[in-house]
Amino acid sequence: MSVVNLHQKKDTAYVKEISGHLKKNCPKHLREQLSVVLAEKGIGLIINERVINVPQETASPLVEGLYDEIGWATEDEPTEELRESFKFTKYLMLTRVFQDDDQEANKKRKREDEQPLVYTRPEDEFFHKLCKWSFQWKARDSEDKNDIEVLKPLRLCMLVAASSIPQARSELKSMFESGSI
């Protein structure tokens, strides 16, 4: 996991490409909100694509490490400009999730938004519960088929307030301490 200051890097090719891809896949009712976020100062972009085979027990230390580093950077960077660049008010998070694509099960559900998401990384579920808004879109089909064919791969974009991060960190940490995973 890593974070990029969207405003600071707005002119780089990769941020332009990511922004364009998000705008293309964003539902109409959220497009204006997404455009505002993409232009706003204090937005950190986090792309969570760590290898799935990494044990889930590493989730809490990875999340703790990222947000600890962000906090330290606001104090330890050599210039005021650099320290300010890590003072995020919100995080735009991108990750991979799955959705049940079982046709029989789907007949019982009336709407697609009733289909539960399957989170491959436990921290994503905590951030999703606390996000201000989110949207998902179908991931490109790849040559590699999933081990579980009834799961449809999706990408999830969510906007999480920086003030919600301590709660997510705490819940994630307690989940592993209690042994519920």
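Reader: How many cavities of 30 Å³ or more does a search of the whole structure find?

Author: Rolling a probe the size of a water molecule over the atoms shows where empty space is left. In this structure, which is a predicted model, the search finds one cavity of 30 Å³ or more. The largest cavity has a volume of about 40 Å³.

Reader: Which residues line the largest cavity?

Author: Its lining is made up of Met1, Ile46, Asn48, Met93, Leu94, Thr95, Glu123, Asp124, Phe127 and Met158. By class, six of these residues are nonpolar, two are polar and two are charged.

Reader: Which helix and strands each supply at least two residues of that lining?

Author: They are strand S2 (43-48), strand S3 and helix H6 (122-130).

Reader: Why is H6 described as largely enclosed by the rest of the structure?

Author: Buried means under 20% relative accessible area. Seven of the nine residues of H6 are buried, so the helix is largely enclosed by the rest of the structure. The buried residues of H6 are Pro122, Glu123, Asp124, Phe126, Phe127, His128 and Leu130.

Reader: Thr95 is in the cavity lining too. Is Thr95 buried or exposed?

Author: Thr95 has a relative accessibility of 2%, and therefore counts as buried. In the chain, Thr95 belongs to strand S3, which covers residues 90-100.

Reader: What does the side chain of Thr95 make a polar contact with?

Author: The partner is the side chain of Asp124, at 2.6 Å. Asp124 is also one of the residues lining the largest cavity.

Reader: Now the rings. How many aromatic pairs does the structure hold?

Author: The structure holds six aromatic pairs. For one of them, Phe86 and Phe88, the ring centres are 6.3 Å apart and the planes stand at 80°, so the pair is edge-to-face. For Phe88 and Tyr91, the centres are 5.4 Å apart and the planes are at 55°, so this pair is tilted. The cut-off for edge-to-face is over 60 degrees.

Reader: Which residues do ring pairs link into a cluster?

Author: The cluster consists of Tyr67, Phe86, Phe88, Tyr91 and Phe127. Phe86 is partly exposed, with a relative accessible area of 24%. Phe88, at 9% relative accessibility, counts as buried, and Tyr91 is buried with a relative accessible area of 4%. Phe127 also lines the largest cavity.

Reader: What is the volume of the second largest pocket, and which residues line that pocket?

Author: The second largest pocket has a volume of about 170 Å³. Asn5, His7, Gln8, Lys41, Gly42, Glu81, Glu84 and Ser85 line it. Helix H4 (residues 80-85) gives the largest share of this lining, three residues. By class, the lining has no nonpolar residues, five polar and three charged.

Reader: How far apart are Ser170 and Phe126, in sequence and in space?

Author: Ser170 and Phe126 are 44 residues apart in sequence, and their C-alpha atoms are 9.8 Å apart in space. Ser170 sits in helix H7 (residues 165-177) and is partly exposed, with a relative accessible area of 47%. Phe126 is one of the buried residues of H6.

Terms used: Residues are numbered from 1 along each chain as its sequence is written. This is a predicted model: local features need pLDDT of at least 70, side-chain atom pairs count only at pLDDT 80 or more; totals for chains, interfaces and linings use all residues. Side-chain values use heavy atoms; hydrogens and water are left out. Helices (H or I, at least four residues) and strands (E, at least two) are DSSP runs, numbered from the N terminus. Buried means under 20% relative accessible area, exposed over 50%, partly exposed in between (1.4 Å probe, protein chains only). A polar contact is a pair of N or O atoms within 3.5 Å; within protein, one must be able to donate a hydrogen and the other to accept it, and residues adjacent in sequence count only if both atoms are side-chain atoms. Rings of Phe, Tyr and Trp (its six-membered ring) pair if their centres lie within 6.5 Å; planes under 30 degrees apart count as stacked, over 60 as edge-to-face and the rest as tilted. On a 1 Å grid over the protein atoms alone, a cavity is a set of points where a 1.4 Å probe fits but cannot get out, and a pocket is an open set with protein on both sides within 12 Å along at least five of seven lines; lining residues have an atom within 4 Å of a point. Grid points are joined across faces, edges and corners, and a volume is the space filled by probe spheres set on the points. Ala, Val, Leu, Ile, Met, Phe, Trp, Tyr, Cys and Pro count as nonpolar, Asp, Glu, Lys and Arg as charged, and the others, Gly among them, as polar.
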